[in-house]
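Here's a short tour for anyone meeting this structure for the first time. Have a look at the sequence and the model, then read on.

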Amino acid sequence: MSATTLPSHARVVIVGGGVMGVGLAYHLGHEGWGADTVLLEKAELTSGSTWHAAGQITHSTSSFGLGKCVDYNIGLYSGALEAETGQAVTWHGCGSFRLAYTEDEMDWLRHTLSVGRALGFNIELVSPARVAELHPFYNLDGVLGALHTPDDGHVDPTNVTMSMAAGARAKGVRIVRRCRATNITQDTNGEWIVQTEQGTIRCEHVVNAGGTYARQMGEWSGLQLPMTSMTHHYFVTDEVPQFRELDRELPVIRDDKKVSGYIRMEQNKGLIGIYEKANPNTVWEDHCPWEAENELFDADYDRVMPWLEESLNRMPIFADLGITRDVHGAISHPPDGNPLIGPAPGVRNYWCCCGTQIGIGWGPGLTRELARWMVHGAADISMRDYDPRRFGSYATKEWQVVKAKEDYCLRHEIPFPHFNRLAGRPVKPSPLHDILKAKGAVHEEVYGFERPRWFARPGVAQHDHYSFRRTPVDAMVSAEVAAVRSAAGIMDVTAFTKVEVSGPNAYALLDRLTANRMPQKTGAITLTHMLNRRGRIELETTIVRMADDRFYLVCAAFFEQRLLDHLTQHKTSEDVTFTALSDSWSALSLNGPMSRDILAACTDAPLDNATFRWLSAQQIRIAGHTVWALRMSYAGELGWELHMPNAACVDVYTALFSAGTPLGLTDYGSFAMNAMRMEKGFKGASELTNEVTLVEADVLRFARQDKTFLGSDATFNTDPKWICAYLEIEPDGDIDGHGGEAVLHNGVVVGSTASVAFGPTVGKILAFAYITPSAAQSGTDLQVMIHGAPRPARVLAEPAYDPQSLLPRTDVRQEAAQ
């Protein structure tokens, strides 16, 4: 029994005492909430998945946000934490190599190097000779090169967690061990009630840091938190005679192709970790037994043998040694591999800190951001990839298992740009899915929906072609863009979030939650942003006024639950109803100079500029169905979005395509849409994140200074630390960039790219980049690290295509032709 008694109330109760729960307690203490935070652990700290972790951590990551986390973690482990708490963490700063055997792997390492430069990492691409110099025992046959990250290492998982626990206690956090939570419910007053074996504690905020128990804990509160327990092996050999003679520890080797894992020293022994690429193993699919403590499973040598044998081939000095210890433990895997860090869907003040497959490597940095989110209202890195609300009700238990197995097998595969995970699909096909697939569509999954990416043409296989370089897909995308620009294109955009806000107080609620002026007349359209109290961007949305008391909101697919939560949690006494229409309504986007002619052939409604103005909406009839037509265009052309009940979608699409075929109408997908928005200088989801304000995103023109809205004080009274600049990058060969690359001014890093794409209409590589304000002035010459090497770049003052935005508003090309 813990000596710490259970209080009756707290501001925060964290349930779970692994590296994630303890890390959050530590960082809440540093953010000022320590004295009113309680952590509950059913057994001893680290007795779940944390204690059996191998404990490696590396700067080798292509994720900009995650890179910030791992850099913080390494700094914490390598000295800061022990200096603060006086408790040893057993840091081994041996460095590491990630090997490449193919040109695709080399391209991955070059991109990772470009991202690492933006983050200021000590990182370099080296030859096999350099690997052999620092690690003379590894068989480098077939190795082309390696990424060397000399500041990497590994740490004792228990020691580092205990040290953070000491730091948390020093900040006032109470840690109660041997106190199992048995239920978590919410009272009518909003308080959370945590029932435990030692009594009940009430709190304002509850945190699920339950590790392998997190999913079943979520069910207590009616929540579906997607994750599955997968088992992972690592093996420790007998003592290695050659290691006794070393005067330093060998670097960790990450060999994704041959070993599908990692090899390092464990004192004078060898340690081999394997993520097998076939037949991964799940456990506890229904629930993790509460009596489990320091749980391990018998080794399954048959499952991992091909990679274990290859590890002995790669480290011949291990070949004649025995295995003294096998560690086969359970780790949580979410469907996409990213942890669940942030608010649970549909409830207030229930936070997820779970689903983390690499807790030691990622945990402290992510829990620091979660603590900032809880205390201050926003994290300081983009949390979109980790937000638990990125999944919807489609994420059933059966689907979770399928996706977790897929993720496990991809753990040591090349993370190609736009990698399309195909297992467990389709989940939510649109009414047009089969029709478009038959026409060559390659779909991607967004919030469960199937959305067309691009369309295969004769001679190009109907599947994704993965590379860090240009592929045959780029030619298909360029053809789609050309068709939209010269004639017309149609895209299935059913995946958009579609929410109706109605009621006597709908206008008042939306007005105080949006930065721009609300649409004043029925049929008016406004593009606006919703912010948090720090003035950071929660989401961008289009608002259509359908009636005096009814508004239609459209935004990116993965924001549906985030939008609903934002509306619900900021509603006070207003009489307002929120209705999610995403699953029951479809949408099509029709763009291009011939779009008016095509639409006119399918409706009796007048479509001229005077009758149907830019940024206005009307109900029109197409193919016998009533459709909401929104005159707007993400492609930057004359165009409409057409929104309708699902039952109308096929008929409307068929009518439009029949009328449009003689005029050059073509299907297009999200890749072409992205290229066109980059040509037009339209910022998207990669630019508009919780990291930035409207000023920093350079979208202040969408905010009104004559109104008060959530986050307005921070919007107008905070100096920007960076600015989103629009860049042109000099082309060089067949590599364009993928986002996250370092941006330099006079050889000094001043920021990083957010989005990069080739604009086929203008023949330029275009990018958005967050850089220091002094470097963001138009005309400034910069360099962008593409593929590990600097490329000349320049800040543009206006969009590369139709800079005055005349085409969507006035259709000047048709007017000139007449």
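## Two serines in loops

Ser 260 sits in the loop that links strand S14 (252-255) to strand S15 (261-266). This is a predicted model, and in it the phi angle of Ser 260 comes out near 55°, a positive value in a residue that isn't glycine. Is Ser 260 buried or exposed? It's buried, because its relative accessible area is 0%, and anything under 20% counts as buried.

Now for Ser 805, which is found in the loop between strand S39 (789-795) and helix H18 (807-810). Its phi is near 55°, again positive in a non-glycine residue. Ser 805 has a relative accessibility of 16%, so it counts as buried.

## A cis peptide bond

Which peptide bond is cis, with omega near 0°? It's the one running from Arg 425 to Pro 426. To find Pro 426, go to the loop between helix H9 (397-409) and helix H10 (433-438).

## The whole chain

Stepping back, the chain holds 19 helices and 39 strands. Its C-alpha atoms fill a box of roughly 85 × 60 × 50 Å along the principal axes.

Take the contacts between residues at least 6 apart in sequence: 73% of them join residues at least 24 apart.

## Surface and charge

How values were computed:
Residues are numbered from 1 along each chain as its sequence is written. This is a predicted model: local features need pLDDT of at least 70, side-chain atom pairs count only at pLDDT 80 or more; totals for chains, interfaces and linings use all residues. Side-chain values use heavy atoms; hydrogens and water are left out. Helices (H or I, at least four residues) and strands (E, at least two) are DSSP runs, numbered from the N terminus. Contact means heavy atoms within 4.5 Å. Buried means under 20% relative accessible area, exposed over 50%, partly exposed in between (1.4 Å probe, protein chains only).
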